[in-house]
Amino acid sequence: MVFDVSVAISWILFLALFPITFFWLRRAWRIAIQKDFSEVALKHGMPPPNPEKWAPYEAVINLVSGSVTLAVIVGVLAGELEYDSWMAIAGSTIWCKFFLS
């Protein structure tokens, strides 16, 4: 068996989707339901003076991103998403989430 770097990277990205999804959905839960604004709009590790202003945006960004990555995980495990599709969706979601947050 020959080691293929692209297969290894694909597995790493797929396995990384599990903790990423958990973290984003947990963060959305904390912001929207528990009203914990300690992680909202952090800049250099410090929250702004009024994190309540940015909380709805951050909650929606985390909820949508977490839901999309969860759908990708389910789609891959169910065999409904092909390689190119799930890689494009997962990669775009991760980058968009980082830029929007």
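Reader: How many cavities of 30 Å³ or more does the count come to?

Author: A cavity is a place where a probe fits but cannot get out. In this structure, which is a predicted model, the count comes to one cavity of 30 Å³ or more, and the space in the largest cavity is about 30 Å³.

Reader: Which residues line the largest cavity, and how does its lining divide by class?

Author: The lining of the largest cavity is made up of R27, R30, I31, D36, S38 and E39; sorted by class, four of these residues are charged, one is polar and one is nonpolar.

Reader: Turning to the rings, how many aromatic pairs does a search of the whole structure find?

Author: Rings pair if their centres lie within 6.5 Å, and planes over 60 degrees apart count as edge-to-face. A search of the whole structure finds seven aromatic pairs. One of them joins W11 and F14, whose ring centres are 6.4 Å apart and whose planes stand at 85°, so this pair is edge-to-face. W11 and F14 are three residues apart in helix α1 (residues 5-32), which puts about one helical turn between them.

Reader: Are W11 and F14 buried or exposed?

Author: Here the cut-offs matter, because buried means under 20% relative accessible area and exposed means over 50%. W11, at 53% relative accessibility, therefore counts as exposed, while F14, at 9%, counts as buried.

Reader: What is the geometry of the aromatic pair that W24 and F98 form, and which parts of the chain does the pair link?

Author: W24 and F98 are also edge-to-face, with 6.3 Å from centre to centre and 80° between the planes. This pair links distant parts of the chain, since W24 belongs to helix α1 and F98 to helix α3 (residues 83-100), 74 residues apart. W24 is buried, with a relative accessible area of 3%, whereas F98 counts as exposed at 52% relative accessibility.

Reader: Which residues do ring pairs link into a cluster?

Author: That cluster consists of W11, F14, F18, Y83 and W86, linked by ring pairs.

Reader: Finally, how far does α1 reach from its first C-alpha to its last, and where does α1 bend?

Author: A helix can be judged by comparing its reach with the span expected at 1.5 Å a residue. With 28 residues, α1 reaches 40 Å from its first C-alpha to its last, close to the expected 40 Å. At L17, α1 bends by about 25°, and the proline P19 follows within four residues. L17 is also among the buried residues of α1, which include S10, L13, T21 and A28.

Methods:
Residues numbered from 1 in each chain as written. Predicted model: local features only at pLDDT ≥ 70, side-chain atom pairs only at ≥ 80, totals over all residues. Heavy atoms only, no water. 1 Å grid on protein atoms, 1.4 Å probe; cavity = no way out; pocket = protein on both sides within 12 Å on 5 of 7 lines; lining within 4 Å. Points joined across faces, edges and corners; volume = space filled by probe spheres on them. Nonpolar A, V, L, I, M, F, W, Y, C, P; charged D, E, K, R; others polar. Phe/Tyr/Trp six-rings, centres within 6.5 Å; stacked < 30°, edge-to-face > 60°. Helix = DSSP H or I, 4+ residues; strand = E, 2+ residues; numbered from the N terminus. Buried < 20%, exposed > 50% of the residue type's maximum accessible area, 1.4 Å probe, protein only. Expected span 1.5 Å × (residues − 1). Bend = angle between axes of the 7 residues up to and from the residue.
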